[in-house]
Amino acid sequence: QVQLLESGGGLVQAGGSLRLSCAASGRIFSVNDMGWYRQAPGKQRELVALSTSGGSTNYADSVKGRFTISRDSAKNTVYLQMNSLKPEDTAVYYCNADVRTGAQYVHNYWGQGTQVTVSS
């Protein structure tokens, strides 16, 4: 089994910063794409940022220039540096990863979510 353990959420004032971390552990051959999603109350889960195994990154338009995704492949860990936070960034943030657990098996996993609350 594979687990994604997130940390780093919390309460911050508008304009502040937070850094989220997500570490994958378990039966892992390799980790492909890793990303962060978020879900605000009453809204659908949306992609925030993606880091591909090929080294490229993608961001939602709403966070471009404020959030930065990075990864430490040796530690199977992905980070999300969030700067200039806005109240509308308030949501539960979920880590997601495509993990190769065998020569022919790639599965998609979700973390348990971490709450980010930005006060105005």
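Colleague: Why is the disulfide of cysteine 22 and cysteine 95 called left-handed?

Modeller: The torsion about the S-S bond is about -80 degrees, so the disulfide is left-handed. Please keep in mind that this is a predicted model, in which local features need pLDDT of at least 70 and side-chain atom pairs count only at pLDDT 80 or more, while totals for chains, interfaces and linings use all residues. Residues are numbered from 1 along each chain as its sequence is written, and side-chain values use heavy atoms, with hydrogens and water left out.

Colleague: What makes cysteine 22 and cysteine 95 a disulfide?

Modeller: The term needs a pair of cysteine sulfur atoms within 2.5 Å. Here the S to S distance is 2.1 Å, so the pair meets that cut-off. The structure holds one disulfide. Cysteine 22 belongs to strand S3 (residues 18-26) and cysteine 95 to strand S9, 73 residues apart. A strand here is a DSSP run of E with at least two residues, numbered from the N terminus.

Colleague: How many bridges join S7 to strand S8, and what makes the two a pair?

Modeller: Two strands pair if DSSP finds at least two bridges between them. S7 and S8 (residues 77-82) have six bridges and run antiparallel, so they count as paired. Isoleucine 69 stands opposite leucine 80 in S8.

Colleague: Which strands pair with S4?

Modeller: Strand S4 (residues 30-39) pairs with strand S9 (residues 91-102) over eight bridges, in the antiparallel sense. Tyrosine 37 stands opposite tyrosine 94 there. S4 also pairs with strand S5 (residues 46-51), again antiparallel, over five bridges. S4 and S5 form a hairpin with six residues between them, and glycine 42 in the turn has a positive phi of about 80 degrees.

Colleague: Why is arginine 38 called buried?

Modeller: Buried means under 20% relative accessible area, exposed over 50%, and partly exposed in between, using a 1.4 Å probe and protein chains only. Arginine 38 has 6% relative accessibility, so it counts as buried. Glutamate 46, with 34%, is therefore partly exposed.

Colleague: What makes glutamate 46 and arginine 38 a salt bridge?

Modeller: The rule asks for a side-chain nitrogen of Lys or Arg within 4 Å of a carboxyl oxygen of Asp or Glu. The closest N and O atoms of this pair are 2.7 Å apart, so the pair qualifies. By this rule the count comes to four salt bridges.

Colleague: Where do aspartate 89 and arginine 66 lie?

Modeller: Aspartate 89 lies in the loop between S8 and S9, and arginine 66 in the loop between strand S6 (57-59) and S7, so the pair ties together parts that are 23 residues apart in sequence. Their closest N and O atoms are 2.7 Å apart, and they form a salt bridge. At 1% relative accessible area, aspartate 89 is buried. Arg38, Glu46, Arg66 and Asp89 are linked in a network of salt bridges.

Colleague: How many residues has the largest nonpolar core?

Modeller: It has 29 residues, and those with the most contacts inside it include Trp36 and Met82. Such a core is a set of buried Ala, Val, Leu, Ile, Met, Phe, Trp, Tyr and Cys residues joined through side-chain atoms within 4.5 Å. The largest share, five residues, comes from S9.

Conventions
Helices (H or I, at least four residues) and strands (E, at least two) are DSSP runs, numbered from the N terminus.
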